Amino acid sequence: MYSYKTRGVCSNEILFDIKNDIITDVQIIGGCRGNTQGLAKLATGRNVDEVISLLKGIQCRGNTSCPDQLATALEFYKNANN
């Protein structure tokens, strides 16, 4: 499981697994429970690039959001593994 420490949002950390460019699990620690659980379920089973394109740039506070932070985490994963 990969870990990403979030910045500028209510959640603290995003944990995720990826297999063959498909997100197989997402756990968001902290934040608004219903929203983060929904975000995790919507991302699971999707292609990494698809989720990045859908979520990158969504703003809540501080010019970022939990969806944007998930996209950033996935970008870090891609850059480290390509």
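1. Start with Asp49: with a relative accessibility of 41%, Asp49 counts as partly exposed, meaning that it falls between buried (under 20% relative accessible area) and exposed (over 50%), with a 1.4 Å probe and protein chains only. Asp49 sits in helix H2, where helices (H or I, at least four residues) and strands (E, at least two) are DSSP runs numbered from the N terminus. Its side chain makes a polar contact of 2.4 Å with that of Lys78. For a polar contact, take a pair of N or O atoms within 3.5 Å; within protein, one must be able to donate a hydrogen and the other to accept it, and residues adjacent in sequence count only if both atoms are side-chain atoms. Thr64 is 15 residues from Asp49 along the chain, and their C-alpha atoms are separated by 19 Å.

2. Some housekeeping before you read on. This is a predicted model, in which local features need pLDDT of at least 70 and side-chain atom pairs count only at pLDDT 80 or more, while totals for chains, interfaces and linings use all residues. Residues are numbered from 1 along each chain as its sequence is written, and side-chain values use heavy atoms, with hydrogens and water left out.

3. Helix H3 has a length that checks out. The buried residues of H3 include Cys66, Asp68, Leu70 and Tyr77. What do the buried residues of H3 pack against? The partners are strands E1 (2–5), E2 (11–19) and E3 (22–30), plus helices H1 (33–43) and H2 (48–55), with contact meaning heavy atoms within 4.5 Å.

4. Gln69 deserves a look. This H3 residue is buried, at a relative accessible area of 5%. Its side chain and that of Thr64 are joined by a polar contact of 3.0 Å. Leaving out residues up to four places away in sequence, Gln69 touches Tyr4, Thr6, Arg7, Val9, Ile14 and Thr64. Ile58 is 11 residues from Gln69 in sequence and 9.0 Å away in space, C-alpha to C-alpha.

5. On to the core. The largest nonpolar core has 21 residues, and Phe16, Ile18, Ile23, Val26, Val51, Leu70 and Leu74 have the most contacts inside it. E2, E3, H1, H2 and H3 each supply at least two residues of this core, and the largest share, six residues, comes from H3. Such a core is a set of buried Ala, Val, Leu, Ile, Met, Phe, Trp, Tyr and Cys residues joined through side-chain atoms within 4.5 Å. Among the residues that Val26 touches, not counting those up to four places away in sequence, are Phe16, Ala40 and Leu70.

6. Two backbone angles are worth a glance. Most residues other than glycine have a negative phi. Asp21, in the loop between E2 and E3, has a positive phi of about 65° although it is not a glycine. Asn63, in the loop between H2 and H3, has a positive phi near 60°. Asp21 is partly exposed at 46% relative accessibility, whereas Asn63 is exposed at 62%.
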